[in-house]
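These are my notebook entries on one structure. I record what I looked up, entry by entry.

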Amino acid sequence: QEHVGRMVRHLSRAVDASAEQKEKLTAIATAMAHDLLPIREKMHAARKRAVELLQQPQTDRAALEALRAEQIATADEASKRLTQGLADAADVLTPEQRAKLAQRWRF
């Protein structure tokens, strides 16, 4: 929650967000963090499972492939939730604020 608050404050300052926008962005970011926590835990468990599989005397290719497919599905789930959160946050901001934010994110 503390990390979410810092992120929202930083973003809000960068785009000069109103108090109402900050409140909405905080709610969006909090929900997103809450939804992504189980996904993060799945990824940690998968890494542990990969280590266990690789420590076996025989390489279980089928189990490794199943784990890989599961990880792709997990990554897709996370990506969808992040995209939803990004779109929700974009809806809170004005076009000018989104342009300002995009300018800061240029690589």
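Is A63 buried or exposed? I looked it up: A63 is buried, at a relative accessible area of 17%. My cut-offs are under 20% relative accessible area for buried, over 50% for exposed and partly exposed in between, with a 1.4 Å probe and protein chains only.

**Ground rules.** I am working on a predicted model, where local features need pLDDT of at least 70, side-chain atom pairs count only at pLDDT 80 or more, and totals for chains, interfaces and linings use all residues. Residues are numbered from 1 along each chain as its sequence is written, and side-chain values use heavy atoms, with hydrogens and water left out.

**A63, continued.** I placed A63 in helix α3. Helices are DSSP runs (H or I, at least four residues), as strands are (E, at least two), numbered from the N terminus. I then listed the contacts of A63, setting aside neighbours within four places in sequence: they are R49 and L53. Contact means heavy atoms within 4.5 Å. From A63 to L53 I noted 7.7 Å, C-alpha to C-alpha, for a separation of ten residues in sequence.

**The α2/α3 pair.** I checked how helix α2 (residues 19-54) meets helix α3 (residues 61-92). Their axes come within 10 Å and cross at roughly 170°. Axes here are lines fitted to C-alpha atoms, for helices over the stretch in contact, and angles run from 0 to 180 degrees between N-to-C directions. The two helices are therefore roughly antiparallel to each other. The classes are under 35 degrees for roughly parallel, over 145 for roughly antiparallel, 65 to 115 for roughly perpendicular, and oblique for the rest. I sorted the residues of this contact and got 19 nonpolar, four polar and seven charged. Nonpolar covers Ala, Val, Leu, Ile, Met, Phe, Trp, Tyr, Cys and Pro; charged covers Asp, Glu, Lys and Arg; the others, Gly among them, are polar.

**Helix α2.** I compared its length with expectation. The 36 residues should span 52 Å at 1.5 Å a residue, and the end C-alpha atoms are 51 Å apart, which agrees. The expected span is 1.5 Å times one less than the number of residues. I also found a kink of about 30° at L36, shortly before the proline P38. The bend at a residue is the angle between axes fitted to the seven residues ending there and the seven starting there. Which residues of α2 are buried? I listed Q21, L25, I28, A29, M32, L36, I39, A46 and L53. Their cover includes α1 (2-15), α3 and α4 (95-104).

**Helix α3.** I repeated the check. α3 has 32 residues and reaches 47 Å from its first C-alpha to its last, close to the expected 46 Å. Its buried residues are A63, L67, T74, A78, R81, G85, A89 and V92. What covers them includes α2. I also looked up A73, in helix α3. A73 is partly exposed, with a relative accessible area of 47%. Its C-alpha is 15 Å from that of D35, 38 residues away along the chain.

**Q21 and L93.** Q21 is buried, with a relative accessible area of 11%. I listed its contacts beyond four places in sequence: D16, V92, L93, T94 and Q97. L93 I placed in the loop between α3 and α4. L93 counts as buried at 5% relative accessibility. With residues up to four places away not counted, L93 touches V15, Q21, L25, R98 and L101. I noted 55 Å between the C-alpha atoms of L93 and P57, 36 residues apart in sequence.

**D16.** I found D16 in the loop between α1 and α2. What is its phi? Phi of D16 is near 55°, a positive value in a residue other than glycine. Most residues other than glycine have a negative phi. D16 counts as exposed, at 61% relative accessibility.

**E96.** E96 is exposed, with a relative accessible area of 60%. The C-alpha atoms of E96 and V15 are 8.5 Å apart, across 81 residues along the chain.
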